[in-house]
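Biologist: I'd like to learn how to read helix packing and aromatic contacts in a model. Can we go through an example together?

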Amino acid sequence: MGVNSGSGHGSLGRLPSYLFRPYRGNEDHGAMAAVRLGCAGRDGIDARSVVEGVPTAAEIAEASAKLDDPSENQVLVEHNGDIVGYVTIRWWQERDGTWLYLHRGSLLPEHRWAGIGSDMVNWAESRIRRLVQQHGTARTAVFGANAMVSEEDSTELLLELGYRRVFSLVELELADLRRLPEHNGQLPAGIRVGAVEPTSYHAAWKTVVDSYANVAFTEKWTFESFLATADPTCWRAAWDEDRMAGVALCSIRRHDPTVGEVEELSVRAESRRLGLGRALLLDGLRSLREHGAETARLYTGTANPHRSYDLYESVGFRRQNEYVRYRKPIDV
């Protein structure tokens, strides 16, 4: 496709008016945000989503700063000097040892179906192959790509290029935190619900990690990375005597304090079906409301074995969008 030599950037042979060039830092963030905003209507993107919304330039700058070598792993597409799309590559290891190399691209609707989308995926796959060789992960590495159900163009393109759906996430919203149902307060003897103090952070992390022990396609989550993003103001936990039995990790969205998020709701296997999940959820939602949130969001896997949908919908959450995760073998 004319972009895979040298650094992997350059003009596209079949479409000379388009140029792939490396990310240049602060000068690009505004244009990248404009691309995402320009895609929102066609792709049905929910601006308030906690999974994937419409990021501001500041949020894109923050995300780019977390990339490994962003000038090599983030490429922009120019057309007659204007930025019309971009692709980002990230990677991580999952609990089963799989190395997932995820590429995510955005292209303004008026530039689709001229071959640019395919070229963006081809660039990402070529770059990922080089990364896999550098990292020595070929034995367990796979390509990954994401698309919402409402992103019909991306979905069609990924399927045409050999990607297959492996699982999906569903986002739910509770539109009005003023209308929370009451909890009857009845919990088994010896169980209490309260805030999470610093001395219990490790127990909270372990409770969440253990709940994913048999769940496929989950990223490894170290205690250090847990601490790096910890925001315990609205965390709630349930204790059975002196042992943590469950946890609700809730937080206020930094870029929109009217929105609260239930990041994790986990109850240990031996403590399920005792009403702890509902008690923790309601307590966490009340805490979000007390700290200024007006609505709440969360997401969960469609293959969730614990029927969490029933619980979430029973307190007023309603489904918003579905986010599909695609994968494809890497032929290194």
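Biologist: At roughly what angle do the axes of helix α1 and helix α2 cross?

Modeller: Bear in mind that this is a predicted model. In general, two packed helices are described by the angle between their axes and the distance between the axes. Here the axes of α1 (residues 26–43) and α2 (residues 57–65) cross at roughly 110° and come within 8 Å. Angles of 65 to 115 degrees count as roughly perpendicular, and α1 and α2 are therefore roughly perpendicular to each other. The crossing of α1 past α2 is right-handed.

Biologist: Which residues of α1 and α2 make the contact?

Modeller: From α1 it's His-29, Gly-30, Met-32, Ala-33 and Arg-36, and from α2 it's Ala-57, Ile-60, Ala-61 and Ser-64.

Biologist: On to the rings. How many aromatic pairs are there?

Modeller: Ring centres must lie within 6.5 Å to pair, and the count is eight aromatic pairs. One of them is Phe-223 with Phe-226, stacked at 5.9 Å centre to centre with 20° between the planes. Both sit in helix α7 (residues 223–228), three residues apart, about one turn of the helix.

Biologist: Are Phe-223 and Phe-226 buried or exposed?

Modeller: Phe-223 and Phe-226 are both buried. They also belong to a cluster linked by ring pairs, together with Tyr-201, Trp-205, Trp-221 and Trp-235.

Biologist: What is the geometry of the pair Tyr-312 and Phe-317?

Modeller: That pair is edge-to-face, with 70° between the planes and 6.1 Å centre to centre. Tyr-312 and Phe-317 are both buried.

Biologist: Which residue lies over the face of Trp-239?

Modeller: That's Arg-192, at 4.6 Å from the ring centre.

Technical notes: Residues numbered from 1 in each chain as written. Predicted model: local features only at pLDDT ≥ 70, side-chain atom pairs only at ≥ 80, totals over all residues. Heavy atoms only, no water. Phe/Tyr/Trp six-rings, centres within 6.5 Å; stacked < 30°, edge-to-face > 60°. Helix = DSSP H or I, 4+ residues; strand = E, 2+ residues; numbered from the N terminus. Buried < 20%, exposed > 50% of the residue type's maximum accessible area, 1.4 Å probe, protein only. Lys NZ or Arg CZ within 6 Å of the ring centre and 35° of its normal. Axes fitted to C-alpha atoms, helices over the stretch in contact; angles between N-to-C directions. Parallel < 35°, antiparallel > 145°, perpendicular 65-115°, else oblique. Left-handed = near helix turned anticlockwise from the far one by under 90°. Contact = heavy atoms within 4.5 Å.
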